[in-house]
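Dear colleague,

Please find the structure below, followed by notes on what was found in it.

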Amino acid sequence: MKPIVRMHAIHKNFGGVQALKNVHIDICRGEVVALLGHNGAGKSVLVQILSGVFSQTSGLIEIEGHKTRFASPRDARAAHIETIYQTLALAENLDATANFFLGREIKNRFGFLDNRTMAV
Ligand SMILES: Nc1ncnc2c1ncn2[C@@H]1O[C@H](COP(=O)(O)OP(=O)(O)OP(=O)(O)O)[C@@H](O)[C@H]1O
Ligand SMILES: [Mg+2]
């Protein structure tokens, strides 16, 4: 099966700091993937590259087989990539769905939250 997300040979430098060195990851449809690593290993940087916060220094990202470069989180969102961050932005009193749609909730024609649409 072709991966829906492919990150190939990703490198990221912040000045003299090499945050990512030659990272490869393929994610297929329906897969749930956990990314594990020590503090400072580069997990957040990798996810931020996939979600358009940073550009990779080099390497390739393909979404559903198409070579992609996200200039902003908005671009990534347009490709259906959503991110919930571990700190600050997370509203702990809300569930995962509500956190996804925080500040841009889907409403029905009466102006009420359309929880059913947001959940699917
Ligand atoms: N904006 C930034 N500018 C400079 N260096 C950064 C920046 N963001 C991350 N780094 C560096 O990149 C490396 C990877 O950091 P990252 O935050 O991705 O680690 P992590 O695996 O998410 O760690 P943690 O488990 O603590 O969340 C670290 O050396 C970090 O200091
Ligand atoms: Mg992190």
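Where the two domains meet, 7 residues of domain 1 are in contact with 5 residues of domain 2, contact meaning heavy atoms within 4.5 Å. This is a predicted model, in which local features need pLDDT of at least 70 and side-chain atom pairs count only at pLDDT 80 or more, while totals for chains, interfaces and linings use all residues. Residues are numbered from 1 along each chain as its sequence is written, chains are lettered from A and ligands numbered from 1 in the order in which they are written, and side-chain values use heavy atoms, with hydrogens and water left out.

Domain 1 covers 5-83 and domain 2 covers 84-120, bounds that come from an automatic or database domain assignment. Between them about 490 Å² is buried, with carbon and sulfur atoms giving 51% (the accessible area, 1.4 Å probe, that two parts lose on being put together, summed over both). On the side of domain 1, Arg77, Glu82 and Thr83 lose the most area to domain 2, together 76% of what that side buries.

The rule finds 1 salt bridge across this interface (a side-chain nitrogen of Lys or Arg within 4 Å of a carboxyl oxygen of Asp or Glu). Arginine 104 forms a salt bridge with glutamate 82, their closest N and O atoms lying 2.6 Å apart.

Please also look at the backbone, where most residues other than glycine have a negative phi. Alanine 9, however, has a positive phi of about 50°, and asparagine 22 has a positive phi near 55°.

Best wishes
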